[in-house]
Amino acid sequence: MVCAWCCVKCRPRYKRHVDNIFPVDPQDGLVKGEMQKLTYYALTNPRKLDRIGNYLAEYLKYYVDHRRYDFAKIAMKAMEQLLQACRSASINLFVESFLRMVQKLLESPEASLQVLGSTSFVHFANIQEDTPSYHRRYDFFVSKFSSMCWSNGRNDTIRPVRQAGLRGLQGVILKTVSDDLQVNIWEEVHIQKIMRALLFNIHEGFTSSVTSPSQSRSMSPWEGENSDVTSDIDPDQLARHVLQDLVSRASYGQIKSLMMPLLYFIDNQKLWVPNKFPIHCMSLIMHSIQMSSAYIAIAQLLAHLEEHKDASAKLRCSIVEVVSAAVSIASTESIGPTILEMFGSLLKYLKMSVDTCNIKNVDVETIKEEDEFQDTIVESVGHFSHGLQTYQKIEICTFILQNMPSTTDTEEETQFESMLLKCIMKITTSINVNNDKSIGLPTLFPLSLLVPLQRLSLSDSPKTRTMTQQIFHSILDRHNNHEKVVPTVTLGELPEENIFVGPQKKQDVLFFKRNGPEVYFHLYESILKEDNDLDNYTCTFRTAVLWCLEVPVDEVLIELIHMAFGLQDEACSSSRNNVNILHGLVAAFLVFASRYSRNEALDQHITNIIRKRQSDKPYLLPQVAFSTIDKDSELDNETAEENVSSFMFDATVVAECLNQQGMNVDRLSDPYHYKKSSENSMDGAAIPRTPESVKSLRVSLLDARVSDVQISLQEEITFDTLKQALQHRQQMALATNNSSKERLLSQESYEDSVARTAEKMSHITALKQQIFSSFKSGDVSPTESLHSLIDLDNLTNLSIDLPDMYVY
């Protein structure tokens with residue numbers, strides 16, 4: 001007995017402290033007094049920490065192997081208290097023992113020990129360490145915690161074990177994501193395990209296949225001890241929280257590593273159709289991701305769409321819807337760098353879908369699905385551009401117009417053109433949503449956008465022309481007037497409360513002076529199309545009137561009236577089918593002009609003509625003329641057969657009325673045509689088609705040639721011109737001097753040359769002696785002696801004879 005007591009006394013002190021913390025009965029728990037002694041000993045002897053940790057690890061291994069789980073929990077609890085209390089430089093060796101104990105618990109088949117190990121690891125992950133560790137590895141914990149998230153054991157253990165695995169993964173992320181010395185969880189082998197585990201639990205919450213929380217808590221006998229792990233939160237909610245935490249910590253180069261497991265999980269589980277789960281996951285990611293890197297996630301979705309370009313239209317449509325949902329969450333700045341590239345990808349898939357619809361022997365169901373896919377892309381384009389600035393939307397519209405097919409000879413090209421116009425309409429409808437009326441027309445209509453739209457306004461397709469005019473409405477109408485402007489004739493005051501006239505802006509006025517004549521000439525040509533329908537005439541009328549409302553200056557009104565009389569002349573001199581419609585449009589234009597200008601004399605003239613038409617020829621008014629567009633009955637063309645001059649509007653009277661108001665009406669006296677200005681020479685405008693316009697075009701070309709000759713004869717004086725003139729003069733003087741010397745040397749003999757040179761040298765010698773003598777006498781200063789003795793004319797001659805010695 002004495003010998004045994006002596007052996008106990010001989011044991012190391014740290015072992016005696018560890019032995020004393022274990023009670024006789026495990027139900028009593030950790031002996032608190034002895035634990036305080038052990039903690040004090042560890043703090044005063046930090047070099048013993050690694051030995052204490054190894055000894056506790058041996059205790060834990062023994063208790064786990066012998067299934068004495070209560071004592072194992074006591075050992076783990078003591079280890080946690082020591083870890084929380086100690087902050088020494090040797091803590092790393094102690095942590096190694098702690099992690100071995102956690103690993104031993106996680107390797108146990110007992111669910112309660114796995115939860116205990118996860119809880120201990122989470123506590124350790126929340127500790128801020130002061131010293132780095134170069135040899136610690138967390139590969140095992142990533143794999144083990146991920147596998148715990150897939151737990152499918154007894155019903156009473158599924159929920160707690162999955163929660164423990166998810167919290168363990170959260171601890172690993174917290175411990176390793178900001179430490180470059182630890183395992184890189186963004187590597188493919190690790191991030192795939194983590195993402196699959198998280199997505200599995202999120203999907204389980206969607207399908208509601210996991211046991212309800214109330215049942216799992218009532219069946220778990222050991223839940224109370226680990227309430228911090230098995231809380232009320234469901235595994236799917238916890239998985240969403242961990243996923244958001246992981247995404248928020250991802251840097252610029254790690255988004256791709258994060259997105260690939262997500263996309264492959266959805267592919268393998270075939271969850272794209274329906275796409276509620278992918279949209280939910282992308283919503284979690286886009287709300288958590290750093291906004292500067294959000295566009296990478298969108299680019300990954302588009303790249304994944306490329307991998308499924310040969311898949312069914314429903315699957316592709318679902319992916320595009322997910323892209324649209326992601327874009328609607330992302331901010332404007334996050335998708336700025338690659339916005340054109342993303343639009344280019346969507347347009348490419350749109351073109352592929354159109355090509356598929358036009359393949360021979362395609363069934364109706366496929367065409368229907370492809371149409372749905374095309375509509376989805378159009379909607380996605382609208383979502384893409386919704387948060388962009390106005391100038392960015394204009395650039396995107398220009399980019400889309402650049403992808404327009406050069407010809408529309410085939411049904412495929414026509415359909416693709418129509419879809420691109422729909423995309424532009426989706427973009428332009430949001431330009432004036434914020435009512436930013438400070439944006440000027442030069443920003444809204446750069447030549448790169450205005451010229452293609454004008455070209456499309458003269459397309460052979462009535463549908464294309466209508467959509468083009470609607471695009472003009474969306475961009476041009478900054479005061480929501482386009483729905484209120486219709487081509488009807490009403491004799492009364494213009495309702496001021498319904499139609500708003502914009503303020504005058506210098507930039508808008510300058511823009512119209514450069515481009516206004518061409519704009520109205522394209523409207524004129526579009527109206528003359530004989531295959532126009534009611535929408536064509538209505539939209540074109542609105543466009544012409546909106547220019548007057550948005551640029552309220554006299555030049556715009558004069559241009560509108562000039563175009564109206566051009567249409568009237570065309571209707572009276574031709575036998576086209578839409579003669580009555582043209583007269584109706586002219587009446588609508590002039591009624592608007594009279595109300596807009598507030599000119600009583602003009603209003604009286606317009607009112608008289610309208611009343612005469614109402615009584616005798618109502619088919620010359622738009623209300624009646626437009627009603628015959630879609631009918632098969634022949635139109636009444638009496639205007640081409642009889643003299644109806646009394647029912648026509650008089651340009652001279654209109655000009656006089658406007659002149660009295662102070663407007664410049666010189667243009668109204670000329671036949672309507674478009675004269676292409678030099679400022680717009682790059683826009684490729686259409687050539688006028690009337691004989692008068694061709695004649696005036698020839699005169700303008702002749703005038704241009706004469707002016708070009710006059711300008712070429714005028715010499716423009718610049719700095720470079722003066723420099724070149726001076727250099728030329730010096731070269732000419734030097735050449736003259738050299739030629740005179742050569743001529744002199746060639747004419748005189750050798751003796752004459754020697755005598756002439758000797759005479760000059762003697763003169764120079766005498767002059768030199770005279771200068772030196774004046775210096776020595778001190779009568780004059782050196783400067784005065786030089787000015788009095790040196791003959792400048794003689795020096796000039798010396799410069800010619802001896803250029804190398806002469807100082808200029």
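D65 and K61 sit four residues apart in helix α4 (residues 49-65), about one turn of the helix. (Helices here are DSSP runs of H or I with at least four residues, numbered from the N terminus.) This is a predicted model, where local features need pLDDT of at least 70, side-chain atom pairs count only at pLDDT 80 or more, and totals for chains, interfaces and linings use all residues. Residues are numbered from 1 along each chain as its sequence is written, and side-chain values use heavy atoms, leaving out hydrogens and water.

The side chains of D65 and K61 meet in a salt bridge, 3.2 Å from N to O. That term means a side-chain nitrogen of Lys or Arg within 4 Å of a carboxyl oxygen of Asp or Glu. K104 joins K61 and D65 in a network of salt bridges. D65 has 40% relative accessibility, so it counts as partly exposed; buried means under 20% relative accessible area, exposed over 50%, and partly exposed in between (1.4 Å probe, protein chains only).

## Bridges between distant parts

The structure holds 17 salt bridges. In one of them, R159 pairs with D234, with the closest N and O atoms 2.9 Å apart. This pair links distant parts of the chain: R159 is in helix α9 (residues 155-176), while D234 is in the loop between α11 (213-219) and α12 (235-248), 75 residues away. Are R159 and D234 buried or exposed? Both are buried.

## Helix α24

Now for α24, which covers residues 506-527. Because 16 of its 22 residues are buried, α24 is largely enclosed by the rest of the structure.

Note on methods: Helices (H or I, at least four residues) and strands (E, at least two) are DSSP runs, numbered from the N terminus. The expected span of a helix is 1.5 Å times one less than its number of residues.
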